[in-house]
Amino acid sequence: MADLLSGKLVRLTAEEPKTLAEAYSRWSHDSEYWRLETSDCARQFSVWGIQKELEKELEKESENNFFFHIRTLADDRLIGNVGLDGVRWQHGESFVGIGLGEREFWGRGYGTDAMRVILRYAFQELNLRRVSLDVFEYNPRAVRSYEKAGFRHEGYARGYLLREGRRWDLIFMGILRQDWLALPTEDR
Ligand SMILES: CC(C)(COP(=O)(O)OP(=O)(O)OC[C@H]1O[C@@H](n2cnc3c(N)ncnc32)[C@H](O)[C@@H]1OP(=O)(O)O)[C@@H](O)C(=O)NCCC(=O)NCCS
């Protein structure tokens with residue numbers, strides 16, 4: 001069997017807290033990254049601050065969360081994370097989140113590749129029936145990446161965010177197991 005957690009450009013990994021704290025602290029100093037990822041106010045975290053947050057996150061770990069980190073196959077660089085956050089087994093459904101903290105890797109196919117790997121994991125290993133996500137209107141690169149991975153537009157919450165003096169929609173996207181199975185084999 002092929003390695004379930006490797007794609008064409010990246011592989012999904014587990015990382016030690018020390019490695020993560022250093023990387024997450026550095027990524028938190030990039031306010032653009034922060035504002036693409038979350039509706040929370042941009043902040044900056046020290047390595048120590050991140051370690052505290054990670055400890056809290058670890059306590060929340062459960063059989064319903066599948067959280068991975070993303071490393072490049074070419075040079076083993078840690079560039080981001082991706083995870084199924086809150087699988088609801090009775091409905092065969094989960095939310096997915098992704099972020100490449102290393103901005104030099106944006107727009108080069110790495111995020112889409114990682115998304116394809118986690119979708120394969122969701123549908124082939126966990127046997128889920130649906131994966132959902134949401135994304136801010138001002139993030140067309142992410143929307144396009146999700147479309148390439150097979151997600152469809154399902155609706156939006158109008159004026160969900162107030163940033164830079166205007167309101168922005170929250171876009172909802174989803175992929176069903178049958179959508180995923182209908183993708184060309186090389187895209188899943
Ligand atoms: C979102 C993310 C995971 C996407 O991964 P990626 O590797 O950058 O995506 P890809 O390079 O495979 O695809 C990006 C696509 O968007 C397109 N794109 C880039 N900027 C765009 C823009 N301003 N408008 C429209 N399309 C754009 C690219 O041309 C490409 O499409 P193509 O392959 O058809 O040419 C990654 O960019 C990322 O983590 N960004 C920072 C954090 C973030 O946005 N997280 C998502 C939160 S919902």
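Where is the place of leucine 170? I found leucine 170 in strand E7 (residues 166–176). Strands (E, at least two residues) and helices (H or I, at least four) are DSSP runs, numbered from the N terminus.

I noted the basis next. This is a predicted model, where local features need pLDDT of at least 70, side-chain atom pairs count only at pLDDT 80 or more, and totals for chains, interfaces and linings use all residues. Residues are numbered from 1 along each chain as its sequence is written, and side-chain values use heavy atoms, with hydrogens and water left out.

Back to leucine 170. Its relative accessibility is 5%, so leucine 170 counts as buried (under 20% relative accessible area, 1.4 Å probe, protein chains only). I listed its contacts (heavy atoms within 4.5 Å). Leaving aside neighbours within four places in sequence, leucine 170 touches Asp134, Val135, Phe136, Gly155, Tyr156, Ala157 and Tyr160.

Then I turned to helix H1 (residues 17–28). H1 has twelve residues and reaches 16 Å from first C-alpha to last. Buried residues in H1 include Leu20, Tyr24 and Trp27. I checked what covers the buried residues of H1: helix H2 (31–37), helix H3 (47–60), strand E2 (65–72) and strand E3 (78–88) are included.

Last, I looked at helix H4 (residues 110–125) and helix H5 (residues 140–149). They pack at an angle of about 45°, with axes 9 Å apart. Axes are lines fitted to C-alpha atoms, for helices over the stretch in contact, and angles run from 0 to 180 degrees between N-to-C directions. Gly111, Thr112, Met115, Arg116 and Leu119 in H4 meet Ser145, Tyr146, Lys148 and Ala149 in H5.

Note on methods. Expected span 1.5 Å × (residues − 1). Buried < 20%, exposed > 50% of the residue type's maximum accessible area, 1.4 Å probe, protein only.
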